Amino acid sequence: MKENLYSVLRAPLISEKTARMQETNQYVFEVAQGATKADVKAAVEQLFNVQVQAVNVVNLKGKTKAFRQRSGSRGNKRKAYVRLGEGQSIDVMAKA
C-alpha cells in the first residue's frame, strides 16, 4: 500500500520560493503525471499524518534545449501545491 503512495508523491520541491511558502503552511511536491488532486491529498495525509485543506495541481511542459548542435527536450513535470490545516507542518528536509 505504501509503495502506491510513494508512486504518487515523487519528491518535495525545495527552493527559495517553496521555503517562503512553507511559512504559510503550503508545500510543493513533484507528483506522477496521472495523479489527481484526490490521490495527492490521500497520499500526503497518510504519509505525514496531517490534515490537508486544499490541493492545486500544475502541469509543466518540458523545455526544448540544444546540446552540441542537437536539439532535445526535457521531460514534462507535474507538481502539486498542498495547503495544510492550521498548526500542522511537514519536515521536508528529513532524511528517509
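Is valine 50 buried or exposed? Here are some friendly notes on that residue and its surroundings.

1. **Ground rules.** This is a predicted model, in which local features need pLDDT of at least 70, side-chain atom pairs count only at pLDDT 80 or more, and totals for chains, interfaces and linings use all residues. Numbering starts from 1 along each chain as its sequence is written, and side-chain values use heavy atoms, with hydrogens and water left out.

2. **Valine 50.** With a relative accessibility of 9%, valine 50 counts as buried (under 20% relative accessible area; exposed is over 50%, and partly exposed lies in between, with a 1.4 Å probe and protein chains only). Valine 50 sits in the loop between α3 (37–48) and β3 (52–60); helices (H or I, at least four residues) and strands (E, at least two) are DSSP runs numbered from the N terminus. Beyond residues up to four places away in sequence, valine 50 touches Val44, Glu45, Leu84, Gln88, Ser89 and Ile90, where contact means heavy atoms within 4.5 Å. Its C-alpha atom is separated by 15 Å from that of valine 28, 22 residues apart along the chain.

3. **Helix α3.** The 12 residues of α3 reach 16 Å from the first C-alpha to the last, close to the 16 Å expected at 1.5 Å a residue (the expected span is 1.5 Å times one less than the number of residues). Val40, Ala43, Val44 and Leu47 are buried in α3. They lie on the same side of the helix, because they cover an arc of only 95° around the axis, taken from the directions from the helix axis to the C-beta atoms. Asparagine 49 follows α3 and has a positive phi, near 55°.

4. **The core.** Which residues have the most contacts inside the largest nonpolar core? They are Leu9, Phe29, Val40, Val44, Val82 and Ile90, in a core of 20 residues; such a core is a set of buried Ala, Val, Leu, Ile, Met, Phe, Trp, Tyr and Cys residues joined through side-chain atoms within 4.5 Å. At least two residues of this core come from each of α1 (2–8), β2 (26–31), α3, β3 and β6 (77–84). The largest share, 4 residues, is supplied by α3. Leaving aside neighbours within four places in sequence, valine 82 has contacts that include Phe29, Val40, Val44 and Val52.

5. **The sheet.** Four strands form an open sheet: 4 strands in the order β1-β2-β6-β3, with antiparallel pairing (two strands pair if DSSP finds at least two bridges between them). β1 (9–12) and β3 stand at the edges with a single partner strand each, so one side of each is left without a neighbour in the sheet. On average, neighbouring strands of this sheet are turned by 30° against each other, direction ignored. α3 packs on the sheet, touching β1, β2, β3 and β6, and its direction makes about 125° with that of β3; axes are lines fitted to C-alpha atoms, for helices over the stretch in contact, and angles run from 0 to 180 degrees between N-to-C directions.

6. **Strand β2.** Because 5 of the 6 residues of β2 are buried, this strand is largely enclosed by the rest of the structure. β2 pairs with β6 in the antiparallel sense over 5 bridges, and 3 bridges join β2 to β1, also antiparallel. Glutamate 30 has lysine 79 as its bridge partner in β6, while alanine 11 stands opposite glutamate 30. Glutamine 26, also found in β2, counts as buried at 14% relative accessibility.
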